[in-house]
Amino acid sequence: DRRELGFDSRNIALNILMTVDQEGGYANLITPRELRKAKLEPRDSAFVTELVYGTIRKRSLYDAIIESAAARKLMKIDPLPLNILRLTAHQLLTLETAPHAAVDTAVRLAVKNKHGSASGFVNAVARRISEKSMREWVHNLTQILEPIDALSIKFAHPRWIVESYLARLGNLEEVERELIANNVNPLTTAVVYPGDEWSRSTLEASQSALWSASCRYVEGNPELLPEIRSGAAGIQDQGSFLVAQALARVPTETSSDGLWLDMCAGPGGKAALLDRWARQSGNAFLGLEISEHRAALINRVSRSVVVADGAQPPIRVGGAIKILLDAPCSGSGVAGRHPDAKWLRRDEDIPALARTQRYLLKALWPLLKPGGRFVFSVTHPCFNSSRGLRRVAEEEDHDGQIIDVYSIKISSYAT
């Protein structure tokens, strides 16, 4: 019956949360994999996805609430009961599930997953969480804090990300708007690859996306779409699509024939687009991916990706007319789509990432043919590293020209 299906969905969500914790993996990769195994109805798949993403999105807030309700530090709570309580807090405080149902489910989850000895603890803490609304919990936790710490708790972002936004934006009101936007559950976007078209059934079951006719907003499990199954389309943010499109559209000041390079091709969305756009324009394409596993996954959508280190590329000097470097970064700029990105990096990781970005830029710049185009892409809220990279580019090529991306018409692209 529906009640047992609801419990099964919550148990699947719990197992995904545990896997994300234990493997240090990405929810956007683990969730579809587990949904395929479960073979749920579309609305149950959507519910599992909301439970997983919603719980991860507000994890630090839920952790603060759990610590207060349990009167003990998180490190004193075993991983499984902790994730049950995170899941329960999300249901109680954000989804506003009836308290008796959420608490009962929490206890059943503990027993189901061989933690019956923790069921009393889970029951007591879940009941305490249910005694206050989200507004009351946030007020209690933040009333004596400094503004940055209060925003960090209220909107579930690490303090360093809040500080990065403040350094860039200059006032707390704009910072708050950014944090709110990061916590909005975004629509899932599917992209049909150049040379293919959406089927009538997909067009009828989806909505037009804001920025491109190639993109569609889809509900439920997007991997059920025939275009996804056949490799004619993929799941991709519109921002990612537009980065690839910017490189494809920007004119060069050299021969229009030549090699297009994607230097960090994983997870493969941009490579799939650039491979097809390059061929349509009579050019060759090559993607480099240092991870053999990720390169194998990309081969489903592009046969032009090889295992190689972007820092030591097998390309001759001046051998490319267009280069994309989607560089390693914090990923925190796409926290809306990938909420676990907020928790996978720490403030102390950023200097090392910035050094890697500069190293890659210096290594790759000589590969660009004079008059060619180089697109550097990161998803990070702080502009300081970008300014530093601009200086590196100017040092590498004193005659180089910085192009305003807004001058490139990338709002639509015929497939």
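## Close-up views of a predicted model

View 1. Look for Leu29 in helix H2, which covers residues 27-38. Is Leu29 buried or exposed? Leu29 has a relative accessible area of 55%, so it counts as exposed, given that the cut-off for exposed is over 50%.

View 2. Arg33 is partly exposed, with 30% relative accessibility.

**View 3. A salt bridge between two helices.** Asp63 and Arg86 make a salt bridge, and their closest N and O atoms are 2.7 Å apart. Asp63 sits in helix H4 (residues 59-70) and Arg86 in helix H5 (residues 79-93), so this pair ties together parts that are 23 residues apart in sequence. Both Asp63 and Arg86 are buried.

**View 4. A salt bridge within one helix.** Arg279 and Asp275 join their side chains in a salt bridge too (3.1 Å, N to O). Both belong to helix H15 (residues 269-280), and because they are four residues apart there, about one helical turn separates them. The two partners have quite a contrast in accessibility: Arg279 is exposed at 53%, while Asp275 is buried at 3%. Elsewhere, salt bridges with shared partners link Asp21, Arg59, Asp63 and Arg86 into one network.

**View 5. Inside the second largest pocket.** How do you spot empty space in a protein? Rolling a probe the size of a water molecule over the atoms shows where it is left. The second largest pocket has a volume of about 260 Å³. Which helix gives the largest share of its lining? That's helix H8 (residues 134-142), with four residues. Among the residues lining this pocket are Met134, Arg135, Val138, His139, Lys58 and Phe155. Sorted by class, the lining has four nonpolar, three polar and three charged residues.

**View 6. Glu131 in a loop.** Glu131 is in the loop between helix H7 (119-130) and H8. Glu131 is exposed, with 60% relative accessibility. The C-alpha atoms of Glu131 and Val306 are 55 Å apart, and 175 residues separate the two along the chain.

How values were computed:
Residues are numbered from 1 along each chain as its sequence is written. This is a predicted model: local features need pLDDT of at least 70, side-chain atom pairs count only at pLDDT 80 or more; totals for chains, interfaces and linings use all residues. Side-chain values use heavy atoms; hydrogens and water are left out. On a 1 Å grid over the protein atoms alone, a cavity is a set of points where a 1.4 Å probe fits but cannot get out, and a pocket is an open set with protein on both sides within 12 Å along at least five of seven lines; lining residues have an atom within 4 Å of a point. Grid points are joined across faces, edges and corners, and a volume is the space filled by probe spheres set on the points. Ala, Val, Leu, Ile, Met, Phe, Trp, Tyr, Cys and Pro count as nonpolar, Asp, Glu, Lys and Arg as charged, and the others, Gly among them, as polar. Buried means under 20% relative accessible area, exposed over 50%, partly exposed in between (1.4 Å probe, protein chains only). A salt bridge is a side-chain nitrogen of Lys or Arg within 4 Å of a carboxyl oxygen of Asp or Glu.
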